[in-house]
Amino acid sequence: MFSKIWTKPSTKSCSEPMERLKAALQDCDAVVIGAGSGLSTAAGFTYTGERFEQHFSDFAQKYGIQDMYSGGFYPFPTQEEFWAYWSRYIYINRYLNAPKPVYEDLLNLVRDKDYFVITTNVDHCFQKAGFDKKRLFYTQGDYGLFQCSEPCCQETFDNEAVIREMVERQKNMKIPTELIPVCPHCGKPLTMNLRSDNNFVEDEGWHRAAERYENFLRTRAGEKILFLELGVGYNTPVIIKYPFWQMTAKNPNAIYACINQGQAVCPREIQRQAICINIDLGNALQELS
């Protein structure tokens, strides 16, 4: 549908596009927020460097793991070690608050607007910041949920209690064997409810959220919609980026705004309806507030 000719942000000051975005936020009938990992990174949920060293220096020394993400694929020899790693990973990225108030700043921008959020993030930051649960669609899962590894059922299981216990009781990078989670229906190992293959469980909650998102878009078709894309890269562009471009192209009243340092671009076909801002997300949201 779109050409391969991109419109890139100007190398000049971001003040003009920021003013346009402020005006769009004021003038729009509805806001659809599409959030990727860059938003959580701006909030301080980094997976490398000091934060990794603080929580995983022992795993780095023993296994040679250099960052949280790659550690998630390490072939740990036992389930006790596997869950020692993953319980820490889930605990700090799901049950601890983000170091910076980026999500709170975003909520302040849209609190009084008709909004909906679609995100590929799985860290639950939107809901922890106070966003309405019924206006959120987590497409790729949630660190706070387990599912059967088989899977034998389309069901998920809250994991907060057992994750906290795993973190508290682990020793020498191993959890007690009795804490290894298993499916209550078939006895197979539980795993994280994260979309990585065809075994991802889309439970009732997932389908209800998907239906609410589709209904939001359908009932506001043709209105002055601001599609606000924040920190979305090109790992899964078919979930947020490409649909936002397509919906903007189909609706002459829509505005597409992208804030993403180093990756703020849009197709030539929607250039007149687009606001591309190449700036740190945290700084941008503070300025917009």
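How many bridges join strand β8 (residues 225-230) to β9, and in which sense do the two strands run? Five bridges join them, and the strands run parallel.

## Basis of the model

The structure is a predicted model, in which local features need pLDDT of at least 70, side-chain atom pairs count only at pLDDT 80 or more, and totals for chains, interfaces and linings use all residues. Residues are numbered from 1 along each chain as its sequence is written, and side-chain values use heavy atoms, with hydrogens and water left out.

Helices (H or I, at least four residues) and strands (E, at least two) are DSSP runs numbered from the N terminus. Two strands pair if DSSP finds at least two bridges between them.

## The sheet

An open sheet is formed by six strands in the order β4-β3-β2-β8-β9-β11, with parallel pairing. Its edge strands, β4 (136-138) and β11 (274-277), each pair on one side only. From one strand to the next, the twist averages 10°.

Within this sheet, Leu230 stands opposite Ile259 in β9. Strand β3 (residues 115-119) pairs with β4 in the parallel sense over three bridges; Thr119 has Tyr138 in β4 as its bridge partner.

## Helices on the sheet

Helix α1 (residues 15-27) packs on the sheet and touches β2 (30-35), β8, β9 and β11, contact meaning heavy atoms within 4.5 Å. The direction of α1 makes about 130° with that of β11. Helix α6 (residues 102-110) also packs on the sheet, touching β2, β3 and β8, and its direction makes about 160° with that of β2. Axes are lines fitted to C-alpha atoms, for helices over the stretch in contact, and angles run from 0 to 180 degrees between N-to-C directions.

The C-alpha atoms of Asn108 and Tyr74 are separated by 39 Å, the two residues being 34 apart along the chain.

## The α5 and α8 contact

The axes of helix α5 (residues 79-95) and helix α8 (residues 160-169) come within 9 Å and cross at roughly 120°. The two helices are therefore oblique to each other: angles under 35 degrees count as roughly parallel, over 145 as roughly antiparallel, 65 to 115 as roughly perpendicular and the rest as oblique.

In this contact, Trp83, Ser87, Arg88, Ile90, Tyr91 and Tyr95 of α5 meet Glu160, Ile163, Arg164, Met166 and Val167 of α8.
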